Amino acid sequence: MPETKGLGEEALNKAAEVGMTSQLDEVEDLDVDIDTDPVKAVQGDVESVKIDGDGLVMNKDLRMEELDMHIEDVSINPMKAAFGKIELTKPTKGSTRVVLLEEDINRAFYSEYVQQQLMSQKININGKSTSIVPRKVDFRLPGGGKVELDASLILKESGETHQIAFSAVPKVSADGKTVNLENVDYGDKEETSPELTQALVNQTSELLNLSNFDLEGMDLTVKRLDVEAGKLIMSAEAYVEEIPTE
């Protein structure tokens, strides 16, 4: 016979699901499973909190295919829990897995946020300061630990079109906060403009930074990055000060 949740657990689960959903632009599926028992809940102790989300769209039009988080050693305010609110009495840590798909990263390049970021950059080309307008950006995850980018950029001031194409290896910084593109390779194509290439490298790194996917009260630190064909998988540690329930 399957174990059934008590009314208190159900209320806390629902409150957390509503709180997290309110921070997202779009949610396909989100389940929060708070595991405790009535005696421990009265004392403010929770066995674990599991968060399982699919198709979560953050602001900036960044989409996570999957978000899986497991938090243990959770202490909550029992008085607040009685009214369906999860208030942590001390910060805790958990493990997190985030999956990003190639098509979602591609879509993010066409979001208003990223387009504005690219167009607001001033780049010096041949001694002149210019703005760039992205015309086409094709981001690919071919496997083998690499990312590939093929882009068509227009120089706003002159109207010139430049083609930029390269592959690179994404690496997590020592502090686990940023993803940097290393070993940039142009294949058999000539590098037409180091400045334009660097602008795209910087923007791609910015998109892949896990801080973009932090929810309120949760800070993620990447421990491992796996680059597979068609998807990126980030394993991270979550420092949790708050589980949103409002």
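**Entry 1: M79**

I looked up M79 and found that this residue is exposed, with a relative accessible area of 62%. The model I am reading is a predicted one. M79 has its place in helix α3, which covers residues 78-81. I then compared the position of M79 with that of A11: the two are 68 residues apart along the chain, and their C-alpha atoms are separated by 14 Å.

**Entry 2: The open sheet**

I next traced the strands of the sheet. In what order do the six strands of the open sheet stand? I read the order as β1-β2-β3-β4-β11-β10, with antiparallel pairing. The edge strands are β1 and β10, the latter made of residues 218-228, and each of these two pairs on one side only. From one strand to the next, I noted a twist that averages 15°. Helix α4 packs on this sheet, where it touches β2, β3, β4 and β11 (231-240). The direction of α4 makes about 85° with that of β4.

**Entry 3: Pairs of strands**

I went through the pairs of neighbouring strands in turn.

- β1 (residues 26-35) and β2 (residues 45-58) run antiparallel and are joined by nine bridges. Within this pair, I found L30 opposite G53 of β2.
- β2 and β3 (residues 62-75) also run antiparallel, and 12 bridges join them. Here V46 stands opposite V74 of β3.
- β3 and β4 (residues 92-101) pair in the antiparallel sense over six bridges. In this case I71 faces G94 of β4.

I also examined the hairpin formed by β2 and β3. How many residues lie between its strands? I counted three, and K60 in this hairpin takes a positive phi near 75°.

**Entry 4: T92 in strand β4**

I turned to T92, which is found in strand β4. Is T92 buried or exposed? The relative accessible area of T92 is 7%, so I recorded this residue as buried, the cut-off for that word being under 20%. Leaving out residues up to four places away in sequence, I listed what T92 touches: I71, E72, D73, V74, A238, Y239 and V240. With E72 there is also a polar feature to note, as the side chain of T92 reaches the backbone oxygen of E72 at 3.0 Å.

I looked at two residues for their backbone angles. D73, one of the residues that T92 touches, lies in strand β3. Phi of D73 is near 55°, which is a positive value in a residue other than glycine. D73 has a relative accessibility of 52% and therefore counts as exposed, since exposed means over 50%.

N183 is found in strand β9, which spans residues 179-185. N183 is not a glycine either, yet I read a positive phi of about 50° for this residue. At 57% relative accessibility, N183 counts as exposed.

I then moved to the loop between α1 (7-21) and β1, where L24 lies. The relative accessibility of L24 is 10%, so L24 counts as buried. Which residues are in contact with L24, its neighbours within four places in sequence aside? I found L56, V57, M58 and L215. I also checked L24 against D61: they are 37 residues apart in sequence, and the distance from C-alpha to C-alpha is 9.8 Å.

**Entry 5: The two sides of helix α5**

My last entry concerns helix α5, made of residues 112-120. I found V114, Q115 and L118 of this helix to be buried. Why do they lie on the same side of α5? They cover an arc of only 100° around the axis, and this places them on the same side of the helix. On the other side of α5, I noted E112 and S120 as exposed. What do the buried residues of α5 pack against? I identified α4 (102-109), β6 (128-143) and α6 (194-208) as their partners. One of these partners, α4, is the helix that I had already seen packing on the sheet.

Terms used. Residues numbered from 1 in each chain as written. Predicted model: local features only at pLDDT ≥ 70, side-chain atom pairs only at ≥ 80, totals over all residues. Heavy atoms only, no water. Pairing = 2+ DSSP bridges. Helix = DSSP H or I, 4+ residues; strand = E, 2+ residues; numbered from the N terminus. Buried < 20%, exposed > 50% of the residue type's maximum accessible area, 1.4 Å probe, protein only. Arc of directions from axis to C-beta. Contact = heavy atoms within 4.5 Å. Axes fitted to C-alpha atoms, helices over the stretch in contact; angles between N-to-C directions. Polar contact = N/O pair within 3.5 Å; in protein donor to acceptor, adjacent residues only side chain to side chain.
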